[in-house]
Amino acid sequence: MKTKEPIKVQIKGQVPFSVLLTKNSNYVGICEPLKLTLQANTFSNLMEDMALTLDAIFKDLLSSNELDKFLRDKGWKVIGQIPRNRSDMFFDLPFIPAMVKKQHGEKRAFCQ
């Protein structure tokens, strides 16, 4: 039996993430515009967590009827339409991860 492919709901916009490597070799992603901080044990897991977190935020905003206002406030919009069957969909907002390097002599520690 073939499983149904989830429907991608594309959001026109993009959001930056600063990515740091901790002393314990974990990756931390910080998104200032959305006030998010995520941590994962690999860069790949962090990228997946970013996408899943953004999807969860948009689904929560949709269920509380706040999505349209949120998107307008950010200057973003949904490309196309949101499907009626919302159980088989996921939101996709492009995000830009950028590795942040410590400046010479800078002491920056992240508690874990």
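1. Buried means under 20% relative accessible area, exposed over 50%, and partly exposed in between, with a 1.4 Å probe and protein chains only. By this definition W76, at 11% relative accessibility, counts as buried. F58 and F91 are both buried as well.

2. The model is predicted: local features need pLDDT of at least 70, side-chain atom pairs count only at pLDDT 80 or more, and totals for chains, interfaces and linings use all residues. Residues are numbered from 1 along each chain as its sequence is written, and side-chain values use heavy atoms, with hydrogens and water left out.

3. On confidence: pLDDT is the predictor's confidence in each residue, from 0 to 100. The protein averages 88, and 88% of the residues score at least 70. Among the elements, β4 has the highest mean pLDDT (97) and β7 the lowest (92). Over residues 103-107 pLDDT stays under 50, and the model has zero contacts there beyond four places in sequence (contact means heavy atoms within 4.5 Å). Where pLDDT is low, the predicted coordinates should not be read in detail.

4. On the sheet: helices (H or I, at least four residues) and strands (E, at least two) are DSSP runs, numbered from the N terminus. Two strands pair if DSSP finds at least two bridges between them. Four strands make an open sheet in the order β4-β3-β2-β7, with mixed pairing. Because β4 (36-40) and β7 (95-99) stand at the edges with a single partner strand each, one side of each is left without a neighbour in the sheet. Neighbouring strands of this sheet are turned by 25 degrees against each other on average, direction ignored.

5. V19 stands opposite G29 in β3, and S18 opposite I30 in β3. I30 also stands opposite T37 in β4. The pairing of β3 and β4 is antiparallel over five bridges; four residues lie between β3 and β4 in their hairpin, where K35 in the turn has a positive phi of about 55 degrees. Of the five residues of β3, four are buried.

6. On the helices: axes are lines fitted to C-alpha atoms, for helices over the stretch in contact, and angles run from 0 to 180 degrees between N-to-C directions. α1 lies across β2, β3, β4 and β7, at about 140 degrees to β4. α1 and α2 (residues 67-74) pack at about 125 degrees with their axes 7 Å apart. α1 and α2 are therefore oblique to each other (under 35 degrees counts as roughly parallel, over 145 as roughly antiparallel, 65 to 115 as roughly perpendicular and the rest as oblique). F58, L61 and L62 of α1 make the contact with L67, F70 and L71 of α2.

7. On the rings: rings of Phe, Tyr and Trp (its six-membered ring) pair if their centres lie within 6.5 Å; planes under 30 degrees apart count as stacked, over 60 as edge-to-face and the rest as tilted. The structure holds six aromatic pairs. One of them, F58 and F91, is tilted, at 5.7 Å centre to centre and 55 degrees between the planes. F58 lies in α1 (residues 43-63) and F91 in β6 (residues 89-92), so the pair ties together parts that are 33 residues apart in sequence. The F70 and W76 rings have centres 6.2 Å apart and planes at 70 degrees, so this pair is edge-to-face. Ring pairs link F58, F70, W76 and F91 into a cluster.
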